[in-house]
Amino acid sequence: MQGLPSSSQRSYELPDLAERAEYVRRNFDAIARSYDRFNDLTTFGLHRLWKRRTVALCRLQPGMRALDLCAGSGDLSLLLARQLGRRGQVSALDFSAGMLAVLEARLASLPPAAAPVLVQQGDASDLSRFADGTFDAVTIGFGLRNILERERCLRECRRVLRPGGRLIILDVGKTPRGPIGFLHGFYFEKIVPRVGHLLEGKRTEMYEYLPASAQVYLSQSQLSELLQRVGFVEVRFWNQLFGAAVIHGATVPGPS
């Protein structure tokens with residue numbers, strides 16, 4: 001860590017709401033090529049297990065259609081494609097061109113039996129390109145906290161899902177107070193940014209943004225209440241690693 005300023009030398013503040021969307025897009029572009037390695041290192045590979053659980057909770061069958069919002073470099077998109085088979089289809093949407101370039105390069109690794117992945121750049125809170133009831137499942141992996149208009153995004157997810165379709169969200173959560181919460185806070189706020197800085201070879205603001213955005217993100221109960229408010233049913237969540245990560249599941253009501 002020699003040559004990098006310590007976290008205590010400079011306090012980080014989240015950008016203003018009016019600037020945040022462009023700030024996040026620009027900085028995700030900057031770290032796109034090292035982001036997967038960063039996730040592997042900082043979660044000790046556990047993020048891959050959490051993503052497999054996320055896809056399993058979608059309850060998809062071959063031939064169905066799925067939308068992966070905030071697709072990033074495509075971990076969930078690729079898992080979904082393998083699950084759905086060649087008769088299925090995955091739409092992968094993200095606002096970072098840099099992240100989508102990494103995803104497109106990874107598509108060559110998909111087996112011939114996997115579903116096609118349609119890669120698109122766009123805003124996760126505006127899904128007007130998709131008709132009502134288009135998808136059997138929507139996933140959002142570590143992206144909802146970066147969306148400013150979260151309620152609008154979730155209402156759009158409900159609209160583009162068919163009756164009975166599933167929304168599965170994987171993101172950070174709130175750990176319990178006490179030793180577990182203290183250790184998680186210390187690790188996430190002090191160690192995680194340093195790992196990112198070392199990977200980039202310089203101080204990179206996005207790795208300061210990630211723990212800061214987690215601090216102001218919704219708790220497990222707050223997100224559950226929001227999902228219910230926009231009209232989802234069967235809302236549940238599953239804590240991963242004491243709540244350091246959380247998977248939320250919700251279903252669009254079927255016909256009455």
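What share of the 256 residues in the protein chain is buried? Buried residues make up 52% of them. Please keep in mind throughout that this is a predicted model.

1. Overall make-up. The protein chain has 8 helices and 7 strands. Its radius of gyration is 18 Å, close to the 18 Å that the globule rule gives for 256 residues, so the chain is as compact as a globular protein of that length. Taken along the principal axes, the box filled by the C-alpha atoms is roughly 55 × 40 × 35 Å.

2. Contacts along the sequence. Consider the contacts in the protein chain between residues at least 6 apart in sequence. Of these, 76% join residues at least 24 apart.

3. Helix H4. This helix covers residues 97-106, and its buried residues are Gly98, Met99, Leu100, Val102 and Leu103. What lies over the buried residues of H4 includes both helices and strands: helix H1 (17-43), helix H3 (75-84), strand E2 (89-94) and strand E3 (117-121).

4. Helices H1 and H6, geometry. The axes of H1 and H6 cross at roughly 130 degrees and come within 10 Å. That angle makes H1 oblique to H6, since angles over 145 degrees would be needed for roughly antiparallel and 65 to 115 for roughly perpendicular. The crossing of H1 past H6 is right-handed.

5. Helices H1 and H6, residues. From H1, the residues Ala30, Ile31, Ser34, Arg37, Phe38, Leu41 and Thr42 take part. They meet Tyr187, Val192, Val195, Gly196, Leu199 and Glu200 in H6. By class, this contact of H1 with H6 has 8 nonpolar, 3 polar and 2 charged residues.

6. Gly185. This residue also sits in helix H6, which runs over residues 179-200. Is Gly185 buried or exposed? Its relative accessibility is 15%, and because the cut-off for buried is under 20%, Gly185 counts as buried. Between the C-alpha atoms of Gly185 and Lys174 the distance is 9.7 Å, while the two residues are 11 apart in sequence.

7. Helices H5 and H8, geometry. Helix H5 (residues 150-160) packs with helix H8 (residues 220-229) at an angle of about 50 degrees, and their axes are 10 Å apart. H5 and H8 are therefore oblique to each other. H5 passes H8 in a right-handed crossing.

8. Helices H5 and H8, residues. On the H5 side, the residues are Arg150, Glu151, Leu154 and Arg155, and they meet Leu223, Leu226, Leu227 and Arg229 in H8. The classes in this contact of H5 with H8 are 4 nonpolar and 4 charged residues, with no polar ones.

9. Arg150. Arg150 and Leu226 are 76 residues apart in sequence, yet their C-alpha atoms are 9.1 Å apart in space. Although Arg150 is classed as charged, it is buried, with a relative accessible area of 18%. The cut-off is under 20%, so Arg150 falls on the buried side.

Methods. Residues are numbered from 1 along each chain as its sequence is written. This is a predicted model: local features need pLDDT of at least 70, side-chain atom pairs count only at pLDDT 80 or more; totals for chains, interfaces and linings use all residues. Side-chain values use heavy atoms; hydrogens and water are left out. Helices (H or I, at least four residues) and strands (E, at least two) are DSSP runs, numbered from the N terminus. Buried means under 20% relative accessible area, exposed over 50%, partly exposed in between (1.4 Å probe, protein chains only). Axes are lines fitted to C-alpha atoms, for helices over the stretch in contact, and angles run from 0 to 180 degrees between N-to-C directions. Angles under 35 degrees count as roughly parallel, over 145 as roughly antiparallel, 65 to 115 as roughly perpendicular and the rest as oblique. A crossing is left-handed if the near helix is turned anticlockwise from the far one by less than a right angle, and right-handed if clockwise. Contact means heavy atoms within 4.5 Å. The radius of gyration is taken over C-alpha atoms; the globule rule is 2.2 Å times the number of residues to the power 0.38.
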